[in-house]
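Subject: Structure for you to look at

Hi,

Here is the structure I promised to pass on.

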Amino acid sequence: MSRPLYLVRNRHVHSIATMVPKPPRMTVFRFPGGGVRHFSVSAARRQILDIAALPDRIVPHYQQTKASSLLSLIWPQPPRNVLLMPKLHAPHVIVSAAEFAKHIHTNYPGLNIVFESHVAKTIHEQLPFPIYTAAPGEASSLFANKIDLVTTMGGDGTILRAASLFSMHYQVPPILSFSMGTIGFLGEWKFQEYKRAWRECYMSGCSVSVEDLVGPHTQVAARQAAKANLTDPNKDDHTLQSPAWDAVRGNGQCMGLSRSSKILLRHRLRVGIYDAEGRNINEQLIPTSTAEPGSPIPEIDEVTYPSPISAPSTGGITKKAPVPYIHAINEVSIDRGVHPHLAIIDIYVNNHFLTEAVADGILISTPTGSTAYSLSAGGSIVHPLVKALLITPISPRSLSFRPLVLPLNTKVVLKLSKRNRGRELPVSIDGKRRVAVSYGMEVRVEGEKLEKTVEHGWRGGVPCVIRSSSKGDTDGIAEDDDSWVGGLNGLLKFNYPFGAGEPEGQH
């Protein structure tokens, strides 16, 4: 009797590629005396399963210390669901992703490995164990509810793709990034270090006692996990530590709080697109990174937008719940597109008219995005810990129109000027979503707040796992700046002198 196929729950897609079970293969063992015995060996289980069957995500705690501006990653219990995101259209990266998946499946019991659906179809036959995915139209909501940790293997574009999966949500899982792309300014680790990098991230905070977890929600989760595996009944409830990490093969000992992974919360922008009547039309901007390459855009009710609700006091009038913000980790741009004439855009700052920009376009960027499109347009380089947003003109007509750096909570509004020749201009959010805006429409942008709540811990931003500094520094300065400064010198060749072998200070 053949093994039943696993189907993915979706209204339109009835199944995702599943390998048909092969008949058992026969292994022959010959005894020295000439006897023969046949053994039946089952075929490897190479299925793609529905992510909806996995347990809900574990929300980590981020602990702040006086010695560093970075945060310490504290897991209340071991992460269970990890999303692997290799660079697209790069076969050698797919091979590396399979190697990585096999390692963590073998050495970290109970871990569930998840891929985007189009990647899962490519890689599942290389893996002798089941993997998980979600249909494109359901990926955004299911990933947000199920994924504990994201691992990217590629360049900066792969990290942006990972962040865009959670662009409709306030809480983004930690992102562990391996630099396997073209530039890799945001990538922290070389893939050759994946065993060490994964162990440090996975085991981070496992030796922290429950009472040291500030958030009540993490304390409760940690106590429940510890009690489920507790072998010493005399141990104090306030110092319970989950022994679940002990199942890690070969290295079950925790590393201690001083060696926990460091987290940089990268600021994001909150973006709203409004029509001429002042209605938010964010729902028209589909997160294209969750769609299959070349496939039709999914219906709006299959993404993450709340369904209409009826208020009892409205006499049966249906009201729609507020459309969530779209978040950008790099930038929002509005440009002239294919039109030959310069764009004419009115810029408002905190409800005050700033200027009428005549240029190829306007960028509003985060500090993380300051080394991307904004840098190419002549904008300033801003450290990612700075709470700011940047306004950078793209090839302005006026030489006195210089880039601006404003406080993070500044509210910026972009409107098409009446003198803009009446044509529509495209808006891009992290290069993943585009919509045409015309006269009367508005693009409203402000920095996302990073909030520390009692119930949910830190909310907002994109938590990126940062490599610990190799330099000893009691003040934490080298720890905060080491990788960023190294990226400026090694990748961007900051102030690179002509004719020199390497930048100043690099020996």
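**What I found**

Threonine 158 sits in helix 4, which covers residues 156-164. Helices here are DSSP runs of H or I with at least four residues, strands are runs of E with at least two, and both are numbered from the N terminus. Threonine 158 has a relative accessible area of 4%, so it is buried; buried means under 20%, exposed means over 50% and partly exposed is in between, with a 1.4 Å probe and protein chains only. Setting aside neighbours within four places in sequence, threonine 158 is in contact with Met85, Pro86, Lys87, Thr152 and Met153, where contact means heavy atoms within 4.5 Å.

Before you go further: this is a predicted model, in which local features need pLDDT of at least 70 and side-chain atom pairs count only at pLDDT 80 or more, while totals for chains, interfaces and linings use all residues. Residues are numbered from 1 along each chain as its sequence is written, and side-chain values use heavy atoms, with hydrogens and water left out.

**The chain overall**

The chain has eight helices and 27 strands. Of its 507 residues, 51% count as buried. Among the contacts with a separation of 6 or more, 70% are between residues 24 or more positions apart. The accessible surface comes to about 24300 Å², and carbon and sulfur atoms hold 53% of that; the areas come from the Shrake-Rupley method with a 1.4 Å probe, and for residues only the protein chains shown count as cover.

**Cores and helix 1**

In soluble globular proteins, nonpolar side chains tend to be buried together. A nonpolar core is a set of buried Ala, Val, Leu, Ile, Met, Phe, Trp, Tyr and Cys residues joined through side-chain atoms within 4.5 Å. The largest one in this chain has 46 residues, and the members that touch the most others are Leu84, Phe100, Ile104, Phe115, Met153, Phe178 and Trp198. Elements that each supply at least two residues of this core include strand 6 (81-86), helix 1 (91-107), strand 9 (149-154) and helix 5 (194-202). Which element gives the largest share of this core? That is helix 1, with seven residues. There is also a second, separate core of 31 residues, which includes Val332, Ile334, Ile347 and Leu416.

Helix 1 passes a simple length check: its 17 residues should span 24 Å at 1.5 Å a residue, and its end C-alpha atoms are 25 Å apart, which agrees. The expected span is 1.5 Å times one less than the number of residues. Buried positions in helix 1 include Val93, Ala97, Phe100, His103 and Ile104. The buried residues of the helix pack against strand 6, strand 7 (112-114), helix 2, strand 9, strand 10 and helix 5. As for isoleucine 104, leaving out residues up to four places away in sequence, it touches Val82, Leu84, Leu111, Ile113 and Trp198.

**Aromatics**

The structure holds nine aromatic pairs. Rings of Phe, Tyr and Trp (its six-membered ring) pair if their centres lie within 6.5 Å; planes under 30 degrees apart count as stacked, over 60 as edge-to-face and the rest as tilted. Tyrosine 108 and tyrosine 202 have ring centres 4.8 Å apart and planes at 70°, so they are edge-to-face. This pair links distant parts of the chain, with tyrosine 108 in the loop between helix 1 and strand 7 and tyrosine 202 in helix 5, 94 residues apart. Tyrosine 108 is buried at a relative accessible area of 2%, and tyrosine 202 is buried at 3%.

Phenylalanine 178 and phenylalanine 191 also make an edge-to-face pair, 6.0 Å centre to centre with 75° between the planes. Phenylalanine 178 is buried at 0% relative accessibility, and phenylalanine 191 is buried at 10%. One aromatic cluster is formed by Phe100, Tyr108, Phe178, Phe191, Tyr194, Trp198 and Tyr202.

**One more residue**

Arginine 336 lies in the loop between strand 16 (331-335) and strand 17 (343-349). With a relative accessible area of 24%, arginine 336 is partly exposed. Arginine 336 and arginine 423 are 87 residues apart in sequence but 9.2 Å apart in space, C-alpha to C-alpha.

Cheers
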